[in-house]
Amino acid sequence: DNFTVTSQNYSNIKVVVVDGYLKIDPITDKVTVTVTEKSDTVTYDGKEHTVTGYKSISADNTLYDVTTSVRATETAAWTAKGKYVGTYHVGIEPGDFKNISGNFTNVEFVVVDGTLKITPVTDEVIVTIMGKTKTVTYDGKEHSVFGYDATPSNKLYNPKEDMQFEGFDEDMTAKGTDAGTHPMGLTAEDFTNKSKNFSKVRFVVTDGYVKINPRAVTLTSETAGKTYDGTALEKPVVTVVGLA
């Protein structure tokens, strides 16, 4: 239909067309597309942190346009999430990407690992340990006091979770019966930091004790008198005040 016969010398002409074409074959050589995940490093602050996705995507063939030739399917694994000291990985997989360009038949996706790193607090944390105390007056009975109070210089440090007493209950118990001061015997060596979130922890200890004060007792003898009659004057009763 694209051709018209203009010659009047032929009355029966049939035009047979074999179409021409330009054929562009796809590139069969391997194209490597590199996906580099995001990374971040923070110091422990008691809060949850996240790193999501990738920071760059590039191909080793400049003809491959990653903005139009790649379809990405994001999943929950694309997010690294953490609160405590450690390394958390962004979980992007090569299979999350698909080549949608007909110009390339051999495309490989490679993922460069990204991480969220939470590092420990390096400033010194001082934990002040105050042994419990008790003061009583001597009554012939045994008295005791147990335990200690711990106060950290950094409010992020949780004594209930982050430190450990290296001993038994009796090692942080002060007890006694007689008058005097009976110490617990707490020392800084009794405590250990077990938290990875803090790299430098120092324990300052004030020992606990039971103090038993002497009881004040007043002894009062009877008082008497008489006119001399040659017999002994006896008043043996002594009144005691302060025992109870």
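## Close-up views of a predicted model

**View 1. T41 in strand β2.** T41 lies in strand β2, residues 40-43. Helices (H or I, at least four residues) and strands (E, at least two) are DSSP runs, numbered from the N terminus. This is a predicted model, in which local features need pLDDT of at least 70 and side-chain atom pairs count only at pLDDT 80 or more, while totals for chains, interfaces and linings use all residues. Residues are numbered from 1 along each chain as its sequence is written, and side-chain values use heavy atoms, with hydrogens and water left out. Is T41 buried or exposed? T41 is exposed, because its relative accessible area is 51%. Buried means under 20% relative accessible area, exposed over 50%, and partly exposed in between (1.4 Å probe, protein chains only). Not counting residues up to four places away in sequence, T41 touches K117 and T119. Contact means heavy atoms within 4.5 Å. T41 and N61 are 20 residues apart in sequence, yet their C-alpha atoms are 32 Å apart in space.

**View 2. L116 in strand β10.** L116 is found in strand β10. L116 counts as buried because its relative accessibility is 0%. Which residues does L116 touch, not counting those up to four places away in sequence? They are D40, V42, H49, T50, V51, A80, K81, G82, G86, T87 and Y88. L116 and V90 are 26 residues apart in sequence, and 7.6 Å apart in space, C-alpha to C-alpha.

View 3. Strand β3 covers residues 49-52, and its side chains alternate. H49 and V51 point to one face and are buried. β3 pairs with strand β6 (residues 79-82) in the antiparallel sense, over four bridges. Two strands pair if DSSP finds at least two bridges between them. Which residue in β6 stands opposite V51? A80 does.

**View 4. Strand β20 and two partners.** β20 has a covered face, with V210 and I212. Its uncovered face has Y209, K211 and N213. Strand β12 (residues 133-137) and β20 run parallel, joined by five bridges. Strand β17 (residues 180-183) pairs with β20 in the antiparallel sense over four bridges. K211 of β20 is the bridge partner of T135. K211 also stands opposite T181.

**View 5. The largest nonpolar core.** This core has 38 residues. A nonpolar core is a set of buried Ala, Val, Leu, Ile, Met, Phe, Trp, Tyr and Cys residues joined through side-chain atoms within 4.5 Å. Which core residues touch the most other members? They are Y64, V127, Y157 and F203. The elements that give two or more residues to this core are β1 (31-37), β9 (107-112), β10 (115-119), β11 (125-131), β15 (163-165), β19 (201-206) and β20 (209-213). Leaving aside neighbours within four places in sequence, F203 is in contact with V127, I129, Y157, M163, A188, F191, T192 and N193.

**View 6. S69 in helix α1.** The place of S69 is in helix α1, residues 66-69. S69 is buried, because its relative accessible area is 6%. Beyond its neighbours within four places in sequence, S69 is in contact with Y64, K98, N99, I100 and S101.

**View 7. The largest pocket.** Its volume is about 150 Å³. On a 1 Å grid over the protein atoms alone, a pocket is an open set of points where a 1.4 Å probe fits, with protein on both sides within 12 Å along at least five of seven lines. Grid points are joined across faces, edges and corners, and a volume is the space filled by probe spheres set on the points. Y44, G46, K83, Y84, L156, N158, E161, D162, K194, S195 and N197 line the pocket. Lining residues have an atom within 4 Å of a point. How many lining residues are in each class? Three are nonpolar, four are polar and four are charged. Ala, Val, Leu, Ile, Met, Phe, Trp, Tyr, Cys and Pro count as nonpolar, Asp, Glu, Lys and Arg as charged, and the others, Gly among them, as polar.

**View 8. S221 in strand β21.** S221 lies in strand β21, residues 218-221. S221 is partly exposed, because its relative accessible area is 48%. Not counting residues up to four places away in sequence, S221 touches V237 and V238. S221 and S195 are 26 residues apart in sequence and 66 Å apart in space, C-alpha to C-alpha.
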